[in-house]
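Hi,

Here is the structure we talked about. My notes follow below it.

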Amino acid sequence: LTDPQLKELSLWTDPTKSGAALGGATLAWLLLERSGYTLLSLLCNAALFSIIAFFVWTNVANFVPSIPPPPEPKLDVTDAQVRAVAEVVRDGLNAGLAFLYKVGTWSDLKLTLQSIVVLYVASYVTAWFNFLTLCWLAVVGFFSVPKLYDLNKAEVDAWVEKGKAAFNEYYAIVDKEVLSKLPKIPTAANTAKKAD
């Protein structure tokens, strides 16, 4: 974590702040889960309430001189801000499209098989929970995993090294016995390179 405030929250340096944030997230999750609302319907209702509240406030301010009308927000976006956001979006889209091309054309067989396995596991795990519960679990993980790692760094690092070694051992076997024996699939890009 690079943001010092997020780091303080996740490591519980101020237990009051971290507890309040985790408690607030848990309360919001419980209210949404038990109310039957989805996140989108709740946001729509909040927007509807805001529009009605601003309408009432504006009309009351016209009749009661002691109540000021709602302040007009400054909605000024500069060209530099738009360019900065556009560059970030463009770079992300280009990287994502390049990745999808690699996976979709099977030009990198290992990456394609890894993507298939990750997507299958993700679809299997997400079938157990709805989206809101997954978000809440991510928040709980944010507040618990860094602190637990900080308290048990040596033991966790030892287990991670053992896990990496075991994974690399099994991956080498799969690579030798299966992946290396799969035929290379010709792609348009590879065919064009050979023609040159």
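Apart from neighbours within four places in sequence, Thr-133 is in contact (heavy atoms within 4.5 Å) with Trp-29 and Glu-33. The side chains of Thr-133 and Trp-29 make a polar contact at 3.4 Å. That term means N or O atoms within 3.5 Å; within protein, one must be able to donate a hydrogen and the other to accept it, and residues adjacent in sequence count only if both atoms are side-chain atoms. Thr-133 is buried, at 11% relative accessible area. The classes are buried under 20%, exposed over 50%, partly exposed in between (1.4 Å probe, protein chains only).

This is a predicted model: local features need pLDDT of at least 70, side-chain atom pairs count only at pLDDT 80 or more, and totals for chains, interfaces and linings use all residues. Residues are numbered from 1 along each chain as its sequence is written, and side-chain values use heavy atoms, with hydrogens and water left out.

Now the aromatics. The whole structure holds 8 aromatic pairs. Rings of Phe, Tyr and Trp (its six-membered ring) pair if their centres lie within 6.5 Å; planes under 30 degrees apart are stacked, over 60 edge-to-face, the rest tilted. Phe-142 and Phe-143 pair edge-to-face, 5.1 Å centre to centre with 85° between the planes. Phe-142 is partly exposed at 24%, while Phe-143 is buried at 7%. Phe-167 and Tyr-171 are stacked, at 5.9 Å and 20°. Phe-167 is exposed at 55%; Tyr-171 is partly exposed at 27%. One aromatic cluster is formed by Tyr-120, Tyr-124, Trp-128 and Phe-129.

Best wishes
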